[in-house]
Amino acid sequence: MSAPILKLRNICKSFGPIDVLNDISLDICPGEVLCLLGDNGAGKSTLIKTLSGVYRPTSGTMEMDGKAVEFNGPRDASSRGIATVHQFGGTFPLMSIGRSFFVGVEPTRGWGPFKVFDRKKANEIAIHAIQDFGITRIDDGDRLVGGLSGGERQSLAIARAVHFGAKVLILDEPTAALGVKQATHVLRIVNEAKRRGLAVVFITHQVMHAMAVGDHFAVLIRGAIAADFRKGEKTREEITDLMAGGETMAELEAQIDGYMTAHDGHAPQIAGAAV
Amino acid sequence: MSSKTASQPLAMGQTSTSSNVSGFSVGGLFRRPEAGAFLGLFGVFAFFLVFGSIDFLKPAGAASWLNVAANLGIVAFPIGLLMIAGELDISIGSMIPAGSMTVAIISGYYELPIWLGIAASLALGVFVGLVNGILVVRTNVPSLIVTLGTLFAVAGLVLGLSVLLTGTTSVALKAPALAKYLFGQFVANTFQVIIFWWLALTALYVYVVHYSPWGNWIFAMGGDKISARNAGIPTARLTIALFVLSSTSAAFVGMCQAILFNSAQVSAGMSFIFNSIISVVVGGVLLTGGFGSIIGIFFGTITFAVVNQGIYFTSFDRNWSSLIIGVMLLLAVLMNNTFRSMALSYSPKKK
Ligand SMILES: Nc1ncnc2c1ncn2[C@@H]1O[C@H](COP(=O)(O)OP(=O)(O)OP(=O)(O)O)[C@@H](O)[C@H]1O
Ligand SMILES: [Mg+2]
């Protein structure tokens, strides 16, 4: 384990009277995947928004490469090498691949005030970056992003982050809503980013996905870190129990079984029980 | 397993980048945002050639719709950009008379230098745009509501002030020769000089929106505002700038009309609200943002103007023109939807 690139110490975040994050301390190391686990509303997205400069912590400190840092917004964080692919976002459906790849950092050619967007260069770089990650089906930078599959869009967003020199790559549920094959693809890209020496923070609700790529796991329950362990230190069942918010899965299963026998084998109709 | 994924695609990357350098194809034209507007314009021209006469393409006839298109077009561009960015500005309906009245009251009624009147008129546009933009950005109230408020507020202010200051709702203005030459002459006795402003602005907008990096920001903002902000685009400032642009453009059109017609009225401009939205939507801009083009808006504006004026070249009663505009709008929107889904589902054929 190398020296951490990002260190969080006693981070708290409240929105007015609501305390969302409570005394979070974490080390994020290069060449490692940190899996951030936890139930809905545990504060995972809020934590990574704090890491990526969208929110300022209410209290606590962050250190990057051993020096204290404060981010003045997402642009500041990304210029220091923290790239984030946010939950439900990151790509623009009606823009071309080349254009969306370079949003905010458009390459230009020409001189003085007559700089024009260099479409050809943008398309070439974008396509190359995506194909580098193994998505070889994408070979035309003029295609609209909305025409890609969910997994391809996630891959595009990750490739974009890596291309722009990210040192820390933060992925908020990149495999949610993806099929098995597409999810595998995204996981492979996560592994590839790790291999290139990036520190990856990976949020997921799927234990299998977490175990496939994670080196280091942190479980959030109601805004506090309930467990912080490394690969191999806990079994799949233990992780699942922690993710369910501390209730043991066995208890839950027993409840469901009890319900099924009481209702002629029909599963309970609880909205949102899945995942 | 990860080293395999990294090495295998490199070879593929080289073959494909060389194969898609060539740019132009007929199929490609239909995937562009302006495809519908272009076909619409074509259809409208054909319609009026069949039911009307060739007269509407001769200079005197062309002037009738070019004059309408130019006045409308200068406002339609920023309205279209706002729509691409996911916003709407209907306060232009009262900004046009506000621009006219400002220059007429200052330079006509009070007989101050015309340049002062022009500057004040444009400054009023900048001010109202700032109010619109800052309110939208700060409050997150939908821009339709914010600009509905300023639409009425500005209309009331203009009416109240002009009656208070001049005692009438219509003020005469005699502009000196240079101002008349630049903003209010009839070229060859029929073409309003504003047509040339419109054409020059079209070129400028095409450059800024489709070739400069800023254009990309507008599309990104309309596509997904939060992602755009996270990508480091100054979305608040850009939104405010677009509102300033639309108000100022409306004030500019009003100012030109006052100089052209040597007078200004309090109530002239409400029709611009719907007409500009129609032009923009016919031009292929997506009402919910993120998609559109300047050339599309340009064609959409001409299409609207031709329908609006073409009726005079036919034997139809002019009361039918709204029906034609309505049907045209629906057809254009359906067509644009089809072309947009074509663009989305497009992927290059394997060779
Ligand atoms: N801007 C905000 N203002 C007030 N409360 C907020 C805000 N953002 C998040 N919260 C609250 O903070 C809590 C944690 O939200 P967060 O989005 O971080 O959860 P999460 O762990 O990412 O959940 P999920 O797995 O569903 O994505 C929730 O209870 C949410 O209601
Ligand atoms: Mg979340």
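**View 1. Helix H6 of chain A and the glycine after it.** A:Gly197, with a positive phi near 95°, follows H6(A). The model is predicted: local features need pLDDT of at least 70 and side-chain atom pairs count only at pLDDT 80 or more, while totals for chains, interfaces and linings use all residues. Residues are numbered from 1 along each chain as its sequence is written, chains are lettered from A and ligands numbered from 1 in the order in which they are written, and side-chain values use heavy atoms, with hydrogens and water left out. Helix H6 of chain A covers residues 180–195, and its 16 residues reach 22 Å from the first C-alpha to the last, close to the 22 Å expected at 1.5 Å a residue. Helices (H or I, at least four residues) and strands (E, at least two) are DSSP runs, numbered from the N terminus; the expected span is 1.5 Å times one less than the number of residues. Among the buried residues of H6(A) are A:Val186, A:Leu187, A:Ile189 and A:Val190, and also A:Asn191, A:Glu192 and A:Lys194. Buried means under 20% relative accessible area, exposed over 50%, and partly exposed in between (1.4 Å probe, protein chains only).

**View 2. The open sheet of chain A.** Four strands in the order E2-E1-E4-E5 make up an open sheet with antiparallel pairing. E2 and strand E5 (67–69) stand at the edges with a single partner strand each, so one side of each has no neighbour in the sheet. From one strand to the next, the twist averages 30°. Two strands pair if DSSP finds at least two bridges between them.

**View 3. Strand E1 of chain A and its two partners.** E1(A) (residues 6–15) pairs with E4(A) (residues 59–64) in the antiparallel sense over 5 bridges. Along this pair, A:Lys7 stands opposite A:Glu63, and A:Cys12 has A:Ser59 as its bridge partner. E1(A) also pairs with E2(A) (residues 18–28), in the antiparallel sense over 7 bridges; here A:Ile11 stands opposite A:Ile24. E1(A) and E2(A) form a hairpin with 2 residues between them, and A:Gly16 in the turn has a positive phi of about 60°.

**View 4. A nonpolar surface patch on chain B.** B:Tyr109, B:Tyr110, B:Leu112, B:Leu116, B:Leu157, B:Leu161, B:Leu164 and B:Leu165 form the patch, with about 780 Å² of accessible area together. Patches take residues with over 30% relative accessible area and no salt bridge, joining like charges within 9 Å and nonpolar side chains (Val, Leu, Ile, Met, Phe, Trp, Tyr) within 5 Å. Accessible areas come from the Shrake-Rupley method with a 1.4 Å probe, and for residues only the protein chains shown count as cover. A salt bridge is a side-chain nitrogen of Lys or Arg within 4 Å of a carboxyl oxygen of Asp or Glu. Helix H7 of chain B (residues 143–166) gives the largest share of the patch, 4 residues. B:Leu116 lies in helix H6 of chain B (residues 114–139) and counts as partly exposed because its relative accessibility is 45%.

Technical notes: Axes fitted to C-alpha atoms, helices over the stretch in contact; angles between N-to-C directions.
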